[in-house]
Amino acid sequence: MVVKCIDIFDLLCDYLDEELEDEICTEIEEHFEECPYCTPFFNTYQQTITLCQSTEIVEVPGKVHIRLWRALRKEIKK
Amino acid sequence: MSEKEQTASTISDEILIEKAKKGDNSAFEELVKRYEKKIYNLAFRLTGKSEDASDILQETFLKAYHSLNDFRGEANFFTWLYRIAMNIALMKKRKEKGKIFEPMERPLFTPERELYTEIPDWSTNPEAEVHNKEIRNVLSKALSSLPDDYRAVLVLRDIQGLSNEEVSEILKLSVPAVKSRLHRARLFLRGQVSKYFA
C-alpha cells in the first residue's frame with residue numbers, strides 16, 4: 001500500500017490508538033518523513049487528544065453530594 | 001481510614017451487588033461512594049452544567065437502586081452504571097432544542113490524494129498547552145457543539161479513558177462505529193481549535 005495524505009486523514013485515529021498492523025504504521029511513518037503537510041496535521045490532531053485526555057477531574061460539589069445522598073436515603077428508607 | 005472502612009473498600013463490586021440485592025443497603029451505599037465522582041464527571045462533561053450533572057447523577061443511582069435485580073453480571077457493574085447514566089443524559093439532551101452542527105471540515109485533497117493546502121501547526125504554541133485556561137474554554141465550547149452521540153463517544157474515550165470495547169458495550173454500538181465517531185469528533189475539535197489559532 002502506498003500511503004497518501006488522504007489515507008493519513010482516515011487512518012490517524014487507528015494509528016494513534018495502536019490499532020494498525022506494523023506494516024501500515026511503517027508506511028505512515030515514511031509518509032510523514034516525506035510530506036511536510038501531514039506532519040502538522042498529525043501534531044495538531046495528537047495535541048487535541050492530549051488536551052481532551054488532560055481534562056480536569058472535578059470534585060463533586062458539596063451541594064450536589066448532599067442532594068444525592070438525601071434522595072438516596074429517602075428512597076432506601078421506603 | 002478505619003478498619004471497617006478499609007474492609008468495605010476492598011470488597012469487590014460483585015460481592016457488594018450480591019449483598020445489596022439481598023437488602024444490604026450499606027453495600028449499595030458503598031457502590032455509590034465508589035462511582036459518585038466518576039458519574040458526576042461523566043455527566044458534567046456531557047452537559048457542561050453542574051445542575052444538569054447533578055440531576056443525572058441522582059437519577060442514575062436511583063435507577064440503579066431500583067434496577068439492581070436486573071443486573072446479572074454479564075457486563076462490569078461500572079459499564080452497566082455508565083449505560084444508565086448515558087441513557088438518562090441523552091434523554092435529557094433530546095428534550096432540548098436541536099443544535100446546528102457544522103459539518104466536519106475536511107481538508108482539500110488533490111486528485112492524487114495529496115493535501116492541497118498547508119495546515120498550520122499550533123501544537124507547540126504555548127497557548128495550546130494543557131493548563132491554558134483559554135484553550136480549555138475553546139475546547140469546552142467545541143465539545144458542547146458536537147452532536148450528542150459524537151460527544152458521548154469522545155467523553156467516554158478521551159476524557160473518561162475507557163477503551164473502544166468498553167464504549168461499544170456502554171453505547172451498544174459496534175467497535176467500528178465507536179472508532180468512526182471518535183475520529184470525526186476529534187477532527188471536529190481539532191478544526192475548532194485551529195480556527196482559534198487562525
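Tutor: Two residues are in contact if their C-beta atoms, placed from the backbone, lie within 7 Å. Keep that in mind as we go through this predicted model.

Student: Happy to. How do I read a pair of packed helices?

Tutor: Two packed helices are described by the angle between their axes and the distance between the axes. Here, the axes of helix 7 (residues 148-159) and helix 9 (residues 175-197) of chain B come within 8 Å and cross at roughly 95 degrees. Helix 7 of chain B is therefore roughly perpendicular to helix 9 of chain B.

Student: Which residues of helix 7 of chain B meet helix 9 of chain B?

Tutor: From helix 7 of chain B come B:Asp149, B:Tyr150, B:Arg151, B:Val153, B:Leu154 and B:Arg157. Their partners in helix 9 of chain B are B:Val178, B:Arg181, B:Leu182, B:Arg184, B:Ala185 and B:Arg186. By class, this contact has six nonpolar, six charged and no polar residues.

Student: And how is chain B divided into domains?

Tutor: Domain 1 of chain B covers 3-94, and domain 2 covers 126-197. Their centres, taken over C-alpha atoms, are 23 Å apart. Eleven residues from domain 1 of chain B and twelve residues from domain 2 of chain B make up the contact.

Student: Which element gives the largest share of the domain 1 side of chain B that touches domain 2?

Tutor: Helix 5 of chain B, with six residues. That side of domain 1 of chain B divides into six nonpolar, two polar and three charged residues.

Note on methods: Residues numbered from 1 in each chain as written. Chains lettered and ligands numbered in written order. Predicted model: local features only at pLDDT ≥ 70, side-chain atom pairs only at ≥ 80, totals over all residues. Domains from an automatic or database assignment. Helix = DSSP H or I, 4+ residues; strand = E, 2+ residues; numbered from the N terminus. Nonpolar A, V, L, I, M, F, W, Y, C, P; charged D, E, K, R; others polar. Axes fitted to C-alpha atoms, helices over the stretch in contact; angles between N-to-C directions. Parallel < 35°, antiparallel > 145°, perpendicular 65-115°, else oblique.
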